[in-house]
Structure formats: structure tokens, C-alpha cells
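Here are some notes to read alongside the model. I have put them as numbered points so that you can check each one as you go.

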Amino acid sequence: MTDRLLRWVLRIGAITSALIMLLILFFLLLESWPALQQITLTRFFTDPSWHPLEAAYNLLPMLSGTLYASIGALLLAIPLGIASALFIVYYAPPHLALLYQRLIELLAGIPSVVFGFWGLITLVPLINQLHPPGASLLAGILILTLMILPTITLTAHAALLAVPDEFQRGAVALGLSRWGVIRGVMLPAARTGIVAGIILAAGRAIGETMAVLMVTGNVVQHATSLYDPIRTLAANIALEMAYAMGDHRGVLFVSGLLLMLLVMLLSGMAATLSNKHHA
Amino acid sequence: MFSSKRSAFWIAILVLIGFACLVPGVAAAQKLVLTGSSTIAPLVGEFARRFESLNQGVRVDVQTGGSSRGMNDTRNKIANIGMVSRAMKANESDLHAFTIALDGVGIILHINNPVTSLSKQQVIDIYSGKITNWQAVGGKNARITVVNKAEGRSTLELFLAYFGMKNSAIKPHIIIGDNQQGIKTIAGNVNAIGYVSIGAAEHAAGYRVPIKLIALDGHEASVANVRNGSFPLSRPLNLITASIPQGLTKDFITFSRSQQVHDLIEAQYFVPVSDD
């Protein structure tokens, strides 16, 4: 009886979350529909610029900005995160490992707006001395790295701990060095978990809004160097939504759709990746 | 054997949720509809909340859509009151306008920037990228960082209208959202130039944020000058009605122009009109 009840409760929970997800997608489509009907799809990629009040709707610079910032942050955070996890699990003395782990957990708990604020008053002026105007792709990448580093570290840590003890013992018994054990046995065995963490982190990087909005300068352009300001899709919505009306509002929903498409593409990629691994 | 108790619990929860959804649907006795400017709407929304708490059974519905929508809706009697964030034109004398606050936009620089005043033409040249070094306007030899507002913001609208520019003609290095972000950006960059609500800038400067408001064409940018109308980059925030206000409409307009809402006006960095 309890089992049946639990099954129903879980079923309702699952259906509700799936429904909410579909409702959001439906709502996004509904809100962007009027704009999509008036503006042909190609204009989002061929218009001269993004000036919605002057009927120019090019989304490409923001797509490139989103991708540059996320990929840049991943390139920095993946090696750092995995190295941190390995340090905690295999190299650090127990006390230090615990302290370090708590520190990373703390980093994971800091609200994004605090990162943004810190970036705005510390990081941006620093970069400004190096190369004005300071608010730049580089600042965005650094802030995002800080934000996704704990995600990658903690998931990699959990994945490494989940590898059965026998694997390690067996490898050690074969006379492999510590690095040999890690590289040859532990990392491959924990691969699925680590990749899942990276995908999670990538999702966060793509969708992060407040922190990025505060440090990247938000100029709509294709960046040609790390010091150029950029605008991400998420920042675009947050910046302009409050005062947008009519078509302007509609195209902001279109950029929301594009963002969602990007994340869907990412999770699709993750699914095929893990399937390949299992096969 | 616990299951019947548990299902009773879940049913109770569901019933509670159901009630919670129903309660706000109960109709209010009196309703007031306001539409118009997105600059005024957040402010009037705050007024409305306080007005509702002071008057039982009254509901005030505030919708945005721009000043022109406010004007149309008021004329067509769709809205009781319209919100218009500019001075009334001569051909709009059929409407009754009541100014609730003033909005001024001032140019701000970092406090260590030696420039103290800019002319209208200099501001246009800086924002359109013709002047890129502070030396050209009497400052240090350093590149100017141009800070612009995001599309759709009312301060941007006022700025563009005053300087007669199109947003696509501006060559910005940083684009910001609200006033606070602008102030922090300028405070962190000695060579930046930006524009924000004068009230917000004065407030921040009062808290030792390293920024300063500079004079525009010789007019000092201050809340006092916005209030007495001598600062050029400012505008009135108006409530308008199609006929002489009566009843609830009159009550709300009187309320909006009274001392009771001055704290709300100042909290959003606008300038209250009545000085008493």
C-alpha cells in the first residue's frame, strides 16, 4: 500500500516537472510567435546590428559572445577542477584535503551576483589598467571559471570516490605508480561522472546572467581579442527585458529560445557521449 | 496501516493549494486602471500598493506599454489614468495632466577626472566616437571609455532625444542596465563617461562613491536645478486623465502628489514636485 502511494507521489512529481518544462517551452514559443511572424528567421543572422528599436535584430554577435565566454571558462575550469579533485582524493594529507574540500564547497555556495559585484569592483579595474575598458570577454571568462570550478571539482571528486576500491587495489598490486593508477584506471573508470559534471558546468556557464552582465561590458559585437567587451544571450534578456515592448519584447523571447536550443544541444551531446562510452 | 493517514495528509495539502489559488480571484469592490510609460509604471506600482493598503477593497491595476499607449487608452476610456513621461504638447490640451515627479539625467565622471564641464557638442562627439581622448576636451591624455545604457531604458531615450542622436550612432565600450551599475562602472574606471539619473548620482556621491556630476552647457546638474527647471536634460512624469478627475481617480491623483509618497519617489531617484 505504502509502495503504491509512493509510486503515485513520485509519478505525479515527475509528470509535474516534465509538464512545467514543456509549459515553459510552450510559453517561450507563444511569446516569440508574433515577432517570428513579422521578422523572417534569416534576419536574426543577417541584420547589420542589434538595435531592436531601430528594427535591426542580429543575434549572432551574442551567440558568439555566449560561446566564447563559456568555452573559455571551460578550458580553464576543466583542468583546474579535475586537478583539484585528484589533489583532494589522492595527494593531499587528510586534514588539508578536508579543508580544501570545504573551501570548494563554499565557493559553490556563493551567489552569482556576489561574484559579479566582486568582478565589477576588483577584476574589471585591474584589467582596465592592463588594457581599457576592462569590462571584457576576459573578465567574463575569469568570473565564469570561478563559478563553474566547484561544480567540476565536486562532481569529479564524487565520481572518483565512487570507483570501487578493488580497482585501485588491483592496480596498485600490479605495481603501477600513483600517477599510473590515476591515469590508467581511476580517471577512465570515473569518466562518465566527470563528463556529466562538465556538461552541468557548461550549462551553468551558458545560462549565467547577473555575474556576466556586470563584467563583460555588454557591447553587441564579435570579439576580436580577449579585451573586447561582449554581450551574452542571457545578459541581453536581463538587460533589456524590463523596458521592452512589442516587437522588442518578442525578439528577446526569441533570444531566450535560442539559449534554450543551445542548452538542449548540449544535453543531447552529453547523451550521445555517454552512450558511446557504454557501448 | 499508515497509508490512509498519509493519503489524508496529501489530500489536505492539495485542498490547501486549491484554496490558495482561489483566494486572489475574489473580486475587489472598486478598480482603477492605469496604463502608459514604463518609466513611471514601477513608481506608480509602488504608489498603488500603498494606496490599496490604505483603502480597503480598492484594486489598482498598473500596466506598461509606453507613453503613447497611456495617451490613447486615456482618450479611449480604456484606462482611468494614463502615465506619460514627457511634457504635454500643445495639441494635447484636451487631456488633464498632473505632474507627480521630475526625472533628470546627468553626465557622470570619475572624481579624479579633471574635466568639470562639457558642451552639448562635446558630448555628442564623445558618444559618436569623434573624440576618443580626454585631451581633446581639456583632460589627461587617456582613452575615453564610453558607457551607454541598454536599449529601451528611459534614460537612454531622454539622452538620445536631447542630443538628437540615434542609438546606432553611438560607439559604446560598455553597456549597462540600471543606474547603480552605471555608477559602479564609472567609480571603477577613471577614464569612463556615463549618464544616470541625477537623483541616483547625488545619492551615491553623498555616500563617498568616487564619482561626480558635471555641468552640461554650463548648467550644473543637481536635484535642485531639476526641480526649478533650469537643467535642460530633464522631463516631467505626468498622470493624465480625459476629464476633470472625480471620485477614486481624484483620490489616487491627490495621493500621488502628496507627502505620503515622497519616500517612494526618492527611493527610485526621481524628484518630488511639491516642496512642502
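1. A term to settle before we start: a residue counts as buried under 20% relative accessible area, as exposed over 50%, and as partly exposed in between. By that rule A:Arg249, at 32% relative accessibility, is partly exposed. Please keep in mind throughout that this is a predicted model.

2. Let me stay with A:Arg249 for a moment. Its side chain meets that of A:Glu31 in a salt bridge, with 2.9 Å from N to O. A:Glu31 belongs to helix 1 (residues 2–38) of chain A and A:Arg249 to helix 12 (residues 246–278) of chain A, so the bridge links distant parts of the chain, 218 residues apart. A:Glu31 is partly exposed too, with a relative accessible area of 23%.

3. In chain B, have a look at B:Arg50 and B:Asp263, which form a salt bridge whose closest N and O atoms are 2.9 Å apart. B:Arg50 sits in helix 2 (residues 41–54) of chain B and B:Asp263 in helix 10 (residues 262–267) of chain B, so this pair ties together parts that are 213 residues apart in sequence.

4. Now for the domains of chain B. The assignment gives domain 1 as 2–100 + 237–272 and domain 2 as 103–228. Six residues from domain 1 of chain B and 10 residues from domain 2 of chain B take part in the contact. Together the two domains bury about 730 Å², with 59% of that on carbon and sulfur atoms.

5. Which three residues supply more than any others of the area that domain 1 of chain B buries against domain 2 of chain B? They are B:Thr39, B:Tyr269 and B:Val271, with 73% of that area. Between the domains there are zero salt bridges and two residue pairs in polar contact. The side of domain 1 of chain B that touches domain 2 of chain B has five nonpolar residues, one polar residue and no charged residues.

6. B:Arg235 deserves a visit of its own. This arginine is found in strand 11 (residues 234–241) of chain B, and it is buried, with a relative accessible area of 6%. Beyond its neighbours within four places in sequence, B:Arg235 contacts several residues, among them B:Thr39, B:Leu102, B:Asp103 and B:Glu157. B:Ser85 is in that set of contacts as well, and the side chain of B:Arg235 reaches the backbone oxygen of B:Ser85 at 3.4 Å.

7. Last comes the interface of the two chains. Contact involves 26 residues from chain B and 28 residues from chain A. Chain B and chain A bury about 2,400 Å² between them, 64% of it on carbon and sulfur atoms. How many salt bridges and polar contacts cross this interface? There are zero salt bridges, but eight residue pairs are in polar contact.

8. On the side of chain B that touches chain A, helix 1 (3–22), strand 7 (174–176) and helix 6 (179–187) of chain B each supply at least two residues. Helix 1 of chain B gives the largest share, four residues. By class, this side of chain B has six nonpolar, 15 polar and five charged residues.

Terms used:
Residues are numbered from 1 along each chain as its sequence is written. Chains are lettered from A and ligands numbered from 1 in the order in which they are written. This is a predicted model: local features need pLDDT of at least 70, side-chain atom pairs count only at pLDDT 80 or more; totals for chains, interfaces and linings use all residues. Side-chain values use heavy atoms; hydrogens and water are left out. Domain bounds come from an automatic or database domain assignment. Contact means heavy atoms within 4.5 Å. Buried area is the accessible area (1.4 Å probe) that two parts lose on being put together, summed over both. A salt bridge is a side-chain nitrogen of Lys or Arg within 4 Å of a carboxyl oxygen of Asp or Glu. A polar contact is a pair of N or O atoms within 3.5 Å; within protein, one must be able to donate a hydrogen and the other to accept it, and residues adjacent in sequence count only if both atoms are side-chain atoms. Ala, Val, Leu, Ile, Met, Phe, Trp, Tyr, Cys and Pro count as nonpolar, Asp, Glu, Lys and Arg as charged, and the others, Gly among them, as polar. Buried means under 20% relative accessible area, exposed over 50%, partly exposed in between (1.4 Å probe, protein chains only).
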